[in-house]
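Here are my notes for your review. Please read them with the structure open.

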Amino acid sequence: MADIVQRGLYFEECEIGARYLHRPGRTATEADNVLFSSLTMNTQALHLDAAFAEQQPFGERLMNSMWTLSTMVGASVSQVTQGTLVAQLGLSDVAFPAPLFHGDTLYVETEFIDKRLSDSRPGQGIVTMTHTGRNQRGEVVATATRVALMWCRPTRGES
């Protein structure tokens, strides 16, 4: 029987325009929101104080947007970067065009938009991708551009 190791994509496998739909989705819970906000020392009442949040424009607590961003990146790992990432180089163009609430399910997709071999690191390449998070109704709740340093495919004899 063959041994199969789950991994992300090597640089050469990152196809510009390819879009990966990461499934299953992740349903956001109150526990996620309280734990993440507490662990990151974010005391924003919009995440933690139901009575306060009820009086605000959305009428209920919002999921911590950093939880949403982290979960978007995390959802992509098994298909895109597991074992093939050298380093994350940056995140930009992060936006939250609609709120995510407790009980919403976050679905994530990743699209490759650019790539090039590294000039200074042989055997590695720089990949730019966009992550898009949608709720269960298909509404975009978050977007981000991510730049990552990825391993190139090993040559024969390497592993």
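1. Glu109 first. This is a predicted model, and Glu109 is buried in it, at a relative accessible area of 13%. That value falls under the 20% cut-off, so the label "buried" applies. The partner of Glu109 is Arg19: their side chains form a salt bridge, 3.2 Å from N to O. Arg19 sits in strand β1 (residues 19-27) and Glu109 in strand β3 (residues 105-117). The two are 90 residues apart, and the pair links distant parts of the chain.

2. The wider count. The model holds 8 salt bridges. Side chains of opposite charge can pair when their charged atoms come close. The points below take up several of these contacts.

3. Asp32 and Arg26. These two residues form a salt bridge, with the closest N and O atoms 2.7 Å apart. Asp32 is buried, with a relative accessible area of 14%. Arg26 is partly exposed, with 35% relative accessibility. Why do the two labels differ?

4. Glu30 and Arg61. Here the side chains meet in a salt bridge at 2.8 Å, N to O. Glu30 belongs to helix α1 (residues 30-39), whereas Arg61 lies in the loop between α3 (50-54) and α4 (65-81). The pair therefore ties together parts that are 31 residues apart in sequence. Buried or partly exposed: which is Arg61? Arg61 counts as buried, at 16% relative accessibility. Glu30 counts as partly exposed, at 41%.

5. A network. Salt bridges also link Arg7, Glu13 and Arg153 into a network. Please inspect these three side chains together.

6. Strand β5, one side. Which strand does β2 (residues 85-95) join through 7 bridges? The partner is β5 (residues 140-151), and the two run antiparallel. Within this part, Gly90 stands opposite Val147 in β5.

7. Strand β5 and β4. Strand β4 (residues 124-134) also pairs with β5. The sense is antiparallel, and the pairing covers 11 bridges. Arg134 stands opposite Val140 in β5.

8. The β4-β5 hairpin. There are 5 residues between the two strands. Gly138 takes a positive phi near 85° in this hairpin. Please check this residue when you view the turn.

Note on methods. Residues numbered from 1 in each chain as written. Predicted model: local features only at pLDDT ≥ 70, side-chain atom pairs only at ≥ 80, totals over all residues. Heavy atoms only, no water. Salt bridge = Lys/Arg side-chain N within 4 Å of Asp/Glu carboxyl O. Helix = DSSP H or I, 4+ residues; strand = E, 2+ residues; numbered from the N terminus. Buried < 20%, exposed > 50% of the residue type's maximum accessible area, 1.4 Å probe, protein only. Pairing = 2+ DSSP bridges.
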